[in-house]
Amino acid sequence: MWVLLRSGYPLRILLPLRGAWMGRRGLPRSLAPGPPRRRYRKEALPALEAPVLPVTTTEIRQYLRARGIPFQDGHSCLRAPSPFVGASKLKAQTGAATSFSLFIDKTTGRFLCMTTLAEGSWEDFQASVEGQGDGAREGVLLSEAPEAEDSEEVQRIWDRAIPLWELPEPEEAQLARMMFGLTKVTDDTLKRFSVRYLRPARRLVFPWFSPGGLGLRGLKLLGAETRGDGVQYVETTIPRPGAYHNLFGLPLISRRDVEVVLTSRELDSLALNQSTGLPTLALPRGTACLPPALLPYLEQFRRVVLWLGNDLRSWEAAKLFARKLNPKRCSLVRPGDQQPSPLEALNQGLNLPRILRTALPAWHKSIVSFRQLREEVLGELSNVEQAAGVRWSRFPDLNRLLKGHRKGELTVFTGPTGSGKTTFISEYALDLCTQGVNTLWGSFEISNVRLARVMLTQFAVGRLEEQLDKYDEWADRFEDLPLYFMTFHGQQSIRTVIDTMQHAVYVYDICHVVIDNLQFMMGHEQLSADRIAAQDYIVGAFRKFATDSSCHVTLVIHPRKEDDDKELQTASIFGSAKASQEADNVLILQDRKLVTGPGKRYLQVSKNRFDGDVGVFPLEFNKSSLTFSIPPKSKARLKKIKDDNGLVAKKPSSGKKGAMPQITETCSNQACNPNRPDLSKPSR
C-alpha cells in the first residue's frame with residue numbers, strides 16, 4: 001500500500017549515489033553530463049552583507065516623487081514605469097496598466113522589471129535613474145541565467161522524459177500513478193501543467209518556464225522511495241534549491257485572475273486546479289521559504305489562499321508567509337482531519353471547494369477573544385509532538401528534557417571559558433539545520449571560515465584533511481543546507497545586528513538565529529555607562545525580536561568568574577537576572593576539571609518554560625569529528641533535577657557517591673549518526 005508520509009519541512013534529501021546505475025544528481029549515467037568536476041561558485045556559503053542603512057517605504061516614495069516617477073501602491077511592492085524598457089516600447093505602452101512593469105519591494109527596495117527581467121538592489125535602481133547605470137539598460141542587471149552545464153542537463157532530461165499517459169505499458173503507468181497518489185488526477189490536468197515522467201529514474205518531472213515563455217529554465221524531479229510500509233518523496237532541483245525560484249503553474253495565470261491558491265507541493269496544485277478550476281501555484285521550496293523575488297508575481301491577486309499542508313508546521317509557515325504577502329488579502333486553510341492536504345482530500349473524495357470556503361482570514365485586530373483562539377489551542381492539543389517543535393537527531397537526551405526546538409523562544413547558553421561552547425552550539429544548530437530549520441549564524445569571536453570548517457567536519461562526521469578527494473562531495477551537500485552567516489566580527493552595535501536579523505527573516509525566512517556571543521555587542525552601546533544596564537537592554541531587544549518575528553534566538557553569554565571547583569548555576573550568568581528571566585530555556589555546559597586528566601563535560605538544562613522539565617546528562621567529545629553527539633544506546637545517562645543546587649543530590653546508578661555517571665561506550669562516527677555515510681569506506 002502506498003501512503004504519503006507527512007512532514008512539516010520539505011524533503012531536502014539528496015538522491016542516493018550508490019549503485020551502478022546512479023550518476024550525478026542521482027540520475028542515470030546516460031543523462032549525466034559527464035564526470036564530476038570542481039565548480040567554483042561566487043558564494044559557496046551564502047553570507048549576509050554588512051547592512052547599509054535600510055531603506056524604508058517612505059524614503060522610496062519620496063525618492064520617486066522627487067524624480068518625477070509615477071508609482072502605484074501595491075500589497076508588498078510599489079509599481080512604477082521601468083527605466084530598462086526602450087523609449088519606443090514604453091511610449092507604445094503609455095496609458096496602459098502594463099507600463100507600470102517595474103516592481104519595487106517595500107521592505108528591501110529590490111526591484112524587478114517584468115518586461116526585461118532586469119533586477120537589482122535599491123542602490124542599482126538609483127544609479128540607473130541618475131544616469132550612472134547605463135550598463136543596466138544593456139542588460140547587465142538581467143537576472144542571472146542558468147549555467148551552461150545546468151542548461152544542457154535540463155534540456156537533456158526534459159527531452160528524455162515523456163508524458164505519463166504515453167507510457168507503452170499500462171501497468172507501468174498505473175504503478176507510477178499509485179506511487180505518487182495520482183490515481184484521480186486526469187491526463188488533461190497533467191497535460192495542462194506539462195508534467196512528464198522520466199522512466200529510467202522513475203521520477204516525475206515538473207518544468208520551470210521563464211516568464212513570457214522564453215524557454216525552459218529549470219526542472220524539479222520528484223521521486224518516491226519505499227521506507228518501511230510507506231513511501232517517502234525525494235526532491236531534486238536543477239539548478240540548486242537556492243537558485244530555483246519556480247512558481248509552478250505561473251504560465252497558466254492570466255492577467256484577469258484576481259484570486260490564487262498557494263500550495264507547498266506541485267501534486268497539491270494539480271489536485272486543486274482540477275477540483276476547483278481556480279488558479280493555483282506551488283511554492284518552489286515548500287514550507288521552508290517564500291523568497292521575496294517571487295512577490296512581484298503575486299501582486300495582481302486581491303485574495304491569496306494558503307493551503308500548505310496538513311500539520312502544525314505548515315500552519316505556522318502559512319501565517320509567516322501571510323506577513324510578507326499582506327495579511328489583509330490572505331486566508332489560511334487550517335489543517336485538520338477533514339481538511340488534509342489537497343491531494344489527500346481529492347483521493348479521499350472530500351469537497352475541495354467547500355474546504356476553501358472555510359479558509360480563515362490571516363489578519364485580525366490586536367485584541368482577540370478565546371473564541372478566535374480555540375481552534376489553535378485545539379490544534380496544539382491534538383498535535384502535541386508537533387507543538388513541541390523540531391526534535392534533535394543527535395541529542396536524544398535533549399529531546400527528553402526540552403521536547404523540541406520551538407519558534408519564538410529565547411535560549412541562553414553559557415559555560416566556562418575553553419569548555420567548547422562554540423563547538424557544541426555549532427553542532428546543536430547544525431542538527432536542526434539538516435532537518436530544514438533555516439539558520440542564521442552570528443559569530444563575533446571566530447571567523448566564518450573557521451566556523452564553516454568546524455561545521456563541515458561535524459556534518460561529514462569526520463575530518464576531511466586526509467580525504468580531500470571527498471571535499472567536493474561533502475561541500476556540495478553542505479552548500480544545500482539552509483544556512484547563512486553574518487559577516488560581522490568583533491564588537492557590533494545591537495541596532496545593526498537586529499536590522500540584519502530582520503532582513504534575514506524577511507528574505508530567507510530564518511527560523512533560528514545563533515548569536516555568539518552577547519559580550520561583543522556591549523562595547524558599542526552608549527545607552528549607559530553601566531554595563532549591566534546595557535546588557536539588560538540587549539537581552540530585551542533579542543527577546544522582543546524572537547517574539548515579534550516568531551524566530552528562535554540562541555544567545556551565548558559568558559559566565560561570571562567562578563572557582564574551578566564550583567559548578568555553574570543559573571545565577572552564574574554574567575549580568576543581572578534579566579537574562580535568565582527573559583529566557584525560555586537556559587543551558588549550561590558544565591566542565592568538571594580533574595587533576596588526573598581532562599574534564600568531564602555534561603549539559604545542564606536549568607530552565608525549561610515549555611513544560612518545566614530540567615536535568616543533566618553527560619557529553620563526550622569526539623576529537624576526530626569535533627562532535628558531542630551521544631550514542632543512542634547509552635543507558636541511564638539522564639537525571640532530572642528540581643533546582644540548580646540539586647545537580648548531584650541523587651546517587652548515580654553506578655560508582656561511588658558524588659561521582660558523575662560515566663559513559664562506557666565510545667562515540668564513533670557511525671554510532672552517533674547511523675544514517676550518514678562512513679568516510680572510512682570507499683564510495684562508489
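This is a predicted model: local features need pLDDT of at least 70, side-chain atom pairs count only at pLDDT 80 or more; totals for chains, interfaces and linings use all residues.
Me: Why is Ser314 called buried?

Reply: Buried means under 20% relative accessible area (exposed is over 50%, partly exposed in between, with a 1.4 Å probe and protein chains only). Ser314 has 5% relative accessibility, so it counts as buried. Across the protein chain, buried residues make up 52% of the 684 residues.

Me: What makes the pair Ser314 and Asp311 a polar contact?

Reply: A polar contact is a pair of N or O atoms within 3.5 Å; within protein, one must be able to donate a hydrogen and the other to accept it, and residues adjacent in sequence count only if both atoms are side-chain atoms. The side chains of Ser314 and Asp311 are joined at 2.5 Å, and that pair qualifies. Setting aside residues up to four places away in sequence, Ser314 also touches Thr287, Leu308 and Gly309, where contact means heavy atoms within 4.5 Å.

Me: Where does Ser314 lie, and what does that element form with E13 and E14?

Reply: Ser314 lies in helix H9. Helices (H or I, at least four residues) and strands (E, at least two) are DSSP runs, numbered from the N terminus. E13, H9 (residues 312-325) and E14 make a right-handed β-α-β unit. "Right-handed" is used because, with the strands pointing away from the viewer, the path from the first strand over the helix to the second runs clockwise.

Me: How do you know that E13 and E14 pair?

Reply: Two strands pair if DSSP finds at least two bridges between them. E13 and E14 (residues 330-332) have 3 bridges and run parallel, so they pass. In that pairing Val305 stands opposite Ser331. On to E11 (residues 259-263): 4 bridges join it to E13 (residues 303-306), also in parallel, with Val261 opposite Val305.

Me: Why do E2 and E6 count as edges of their sheet?

Reply: The sheet is open, with 5 strands in the order E2-E3-E4-E5-E6 and antiparallel pairing. E2 (72-73) and E6 (119-120) each have a single partner strand, so one side of each has no neighbour in the sheet. E2 is joined to E3 (residues 77-80) by 2 bridges, and Asp73 stands opposite Leu78. Further in, 4 bridges join E3 to E4, where Leu78 stands opposite Ile104.

Me: What makes the set around Leu398, Trp441 and Leu603 a nonpolar core?

Reply: A nonpolar core is a set of buried Ala, Val, Leu, Ile, Met, Phe, Trp, Tyr and Cys residues joined through side-chain atoms within 4.5 Å. The largest such set has 39 residues, and Leu398, Trp441 and Leu603 have the most contacts inside it. H15 gives the largest share, 7 residues. Leaving aside its neighbours within four places in sequence, Trp441 is in contact with residues including Ile425, Leu451 and Phe485.

Terms used: Residues are numbered from 1 along each chain as its sequence is written. Side-chain values use heavy atoms; hydrogens and water are left out.
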